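Here is a short note for a colleague who is new to reading structures. Please keep the sequence and the 3D view open while going through the points.

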Amino acid sequence: MPDALSSNFEPGVDPSYNDPEADFMLVSSDNVAFKVQKFYLLAHSAIFRDMISSCSTSGETTNRLEFTDSQIEHSSTITIFLDIISSRALNLVRNSLGPFRDCILFCKKYDCEVLLTALRAHAVAFLDQYISRHYIFIIAAELDDIDLASRAISTVDEWHWPPDKVIPDPPRWTTSGEVEENKTSTSLGLTKGAGVLEITSWPIWKFKRVPLPYVIGLMKVGRKFSLAKGSDNDIPAGRYFKEIMEEWQKGKVQ
């Protein structure tokens with residue numbers, strides 16, 4: 001949660017959010033300040049409304065909130081959050097995957113349900129980039145977006161784990177805890193040369209933050225269709241995954 005205490009060092013101000021008429025300041029966990037209009041926060045988060053209201057009734061100054069979570073409250077995450085609520089264009093490329101993923105968790109933490117819908121709409125842009133489809137599938141799973149996950153499978157045909165090297169993940173894709181845990185075994189369980197959505201080929205740590213229904217759904221697809229490079233099963237496999245997950249969703253609401 002945001003920390004009411006001031007940092008020991010005055011933050012540097014993000015140049016894109018440095019409006020002199022702004023009435024509120026967010027300070028990221030890496031000490032970057034974002035000057036914004038308070039009404040944006042009040043409009044998009046019930047938790048922010050309660051926090052700001054609580055500060056007002058207690059007599060505290062309410063023009064600043066400081067974040068402390070080094071993963072999901074980093075300046076790169078706050079930038080995506082603010083770009084969405086202020087209707088700015090997002091430039092989503094491979095290096096955006098980590099902050100985008102953290103923004104999903106940020107929006108869940110602060111109860112920004114409308115923004116999760118916006119993130120689902122924006123995430124489709126990753127399909128147009130040269131990005132391994134397992135990243136897009138994981139983003140879709142964390143957004144609970146069956147259609148995007150299905151589309152990731154349907155465009156997976158040429159994507160496979162390189163047989164001769166391990167390509168580093170995008171910046172901030174892994175948490176600091178995962179980095180420490182996997183310093184000596186980042187590829188444990190990885191099957192080099194296998195398709196990136198042949199789920200049994202994944203390094204074991206990649207499963208930790210993927211919602212279980214999506215893991216099971218992809219396993220069931222793998223029982224029926226090969227997702228190896230060049231198998232040409234990607235389109236029917238994507239359709240089958242969507243059928244499985246839609247059936248699962250029906251069971252959730254009964």
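This is a predicted model: local features need pLDDT of at least 70, side-chain atom pairs count only at pLDDT 80 or more; totals for chains, interfaces and linings use all residues.

1. Start with P11. Leaving aside neighbours within four places in sequence, P11 is in contact with V27, N31, V32, A33 and R64. P11 sits in the segment before β1. With a relative accessible area of 11%, P11 is buried, since buried means under 20%.

2. Next, the chain as a whole. How many helices and strands does the protein chain have? There are ten helices and four strands. Along the sequence they follow the pattern β-β-β-α-α-β-α-α-α-α-α-α-α-α. The protein chain has 254 residues, and buried residues make up 45% of them. Its accessible surface comes to about 12,700 Å², and 53% of that surface belongs to carbon and sulfur atoms.

3. Contacts can also be sorted by distance along the sequence. Take the contacts in the protein chain between residues at least 6 apart in sequence: 68% of these join residues at least 24 apart.

4. Now the salt bridges. The count comes to seven, and three of them are described here. R64 forms a salt bridge with E10, and the closest N and O atoms of the pair are 3.7 Å apart. R64 lies in strand β4 (residues 64-66) and E10 in the segment before β1 (12-18), so the pair ties together parts that are 54 residues apart in sequence. Of the two partners, R64 is partly exposed, with a relative accessible area of 23%, while E10 is exposed, at 62%. E10 and R64 also belong to a network of salt bridges that includes E66.

5. The second pair joins two helices. The side chains of R101 and E142 meet in a salt bridge with an N to O distance of 2.9 Å. R101 belongs to helix α4 and E142 to helix α6 (residues 133-142), so this pair connects parts that are 41 residues apart in sequence. Are these two residues buried or exposed? Both R101 and E142 are buried.

6. K206 and D169 meet through their side chains in a salt bridge, at 3.2 Å from N to O. K206 lies in the loop between α8 (176-181) and α9, and D169 in the loop between α7 and α8, so the pair ties together parts that are 37 residues apart in sequence. K206 is buried, with a relative accessible area of 5%. D169, at 26%, is partly exposed.

7. Ten of its eleven residues are buried, so α3 is largely enclosed by the rest of the structure. The buried residues of α3 include S75, I78, F81 and I85. After the helix comes S87, whose phi is positive, near 60°.

8. How does α3 meet α4? Two packed helices are described by the angle between their axes and the distance between the axes. The axes of α3 (residues 75-85) and α4 (residues 97-109) come within 8 Å and cross at roughly 70°. That makes α3 roughly perpendicular to α4, because angles of 65 to 115 degrees count as such. On the α3 side, the contact is made by S76, T77, I78, I80 and F81. On the α4 side, it is made by P99, F100, D102, C103, F106 and C107.

9. S150 is in helix α7 (residues 146-154) and counts as buried, at 7% relative accessibility. Not counting residues up to four places away in sequence, S150 touches G238, R239, F241 and K242. M219 lies in helix α9 (residues 212-224). At 44% relative accessibility, M219 counts as partly exposed. Together with L212 and I216, M219 makes a nonpolar surface patch of about 290 Å².

Definitions and conventions. Residues are numbered from 1 along each chain as its sequence is written. Side-chain values use heavy atoms; hydrogens and water are left out. Patches are made of residues with over 30% relative accessible area and no salt bridge: like charges are joined within 9 Å, nonpolar side chains (Val, Leu, Ile, Met, Phe, Trp, Tyr) within 5 Å. Accessible areas come from the Shrake-Rupley method with a 1.4 Å probe; for residues, only the protein chains shown count as cover. A salt bridge is a side-chain nitrogen of Lys or Arg within 4 Å of a carboxyl oxygen of Asp or Glu. Buried means under 20% relative accessible area, exposed over 50%, partly exposed in between (1.4 Å probe, protein chains only). Axes are lines fitted to C-alpha atoms, for helices over the stretch in contact, and angles run from 0 to 180 degrees between N-to-C directions. Angles under 35 degrees count as roughly parallel, over 145 as roughly antiparallel, 65 to 115 as roughly perpendicular and the rest as oblique. Contact means heavy atoms within 4.5 Å.
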